[in-house]
Amino acid sequence: MYPLGVLFGLGFDTASEVGLLGIAAVEGAKGLPILDILIFPFLFTVGMSLLDTTDGILMLGAYGWAYVKPVRKLYYNMNVTLISIVVALLVGSIEALSLIAVQLSLKGGPWDQLVDLSNNFGALGFAIIGLFIVSWAGSTLIYKWRRYDELDAAVLARRT
């Protein structure tokens, strides 16, 4: 379990918490009152609770819809997996190419844009959220248009 704990320790949430504790320690050393310092962890906790709760509610609805019928489950899992792979390749490619551009001092239109995009992953995050929304909306339309809900699992088993 120790190696698994180390891997989780390298995650973004843990890094954010360590950064937050560092900010609180620096401000405490400057003489900021303890109640003012506790605002940082409180705001962090509130923000994480809000996002985790929203994520949980959305996933409950999505998986609840998907597990009603086996065809839905298969279709949903294929769609989410495909979009996750596309996002992972996109983020990894941007990060790798921006590192290459910085290390080799490459300048010019696309290289400068890659470095700028890599330095501003917030905008990329919004684009990724938009990609997921568009893919879910598109896949829902295709699912209804192709009438996958009317397919019987036994018919699908015979086709393969």
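The model is predicted: local features need pLDDT of at least 70, side-chain atom pairs count only at pLDDT 80 or more, and totals for chains, interfaces and linings use all residues. Residues are numbered from 1 along each chain as its sequence is written, and side-chain values use heavy atoms, with hydrogens and water left out.

**Exercise 1. Determine how many helices and strands the protein has, and describe how α5 is placed against α7 and α6.**

Step 1. Helices are DSSP runs of H or I with at least four residues, strands are runs of E with at least two, and both are numbered from the N terminus. The protein has eight helices and zero strands.

Step 2. The axes of α5 (residues 70-103) and α7 come within 11 Å and cross at roughly 155°. Here axes are lines fitted to C-alpha atoms, for helices over the stretch in contact, and angles run from 0 to 180 degrees between N-to-C directions.

Step 3. Angles under 35 degrees count as roughly parallel, over 145 as roughly antiparallel, 65 to 115 as roughly perpendicular and the rest as oblique. The helices α5 and α7 are therefore roughly antiparallel.

Step 4. For α5 and α6 (residues 109-119), the axes come within 9 Å and cross at roughly 120°; this pair is therefore oblique. Residues making the contact (heavy atoms within 4.5 Å) include I94 and L97 of α5 and W111 and L114 of α6.

**Exercise 2. Locate S135 and decide whether S135 is buried or exposed.**

Step 1. S135 lies in helix α7, which spans residues 121-145.

Step 2. S135 has a relative accessible area of 12%, so S135 is buried.

Step 3. Leaving aside residues up to four places away in sequence, S135 touches N79 and I83.

**Exercise 3. Identify the side chains that meet in a salt bridge.**

Step 1. The criterion is a side-chain nitrogen of Lys or Arg within 4 Å of a carboxyl oxygen of Asp or Glu. By this rule there is one salt bridge.

Step 2. The side chains concerned are those of K30 and E27, at 3.8 Å from N to O.

Step 3. K30 is exposed at 62% relative accessible area, whereas E27, at 24%, is partly exposed.

Methods: Buried < 20%, exposed > 50% of the residue type's maximum accessible area, 1.4 Å probe, protein only.
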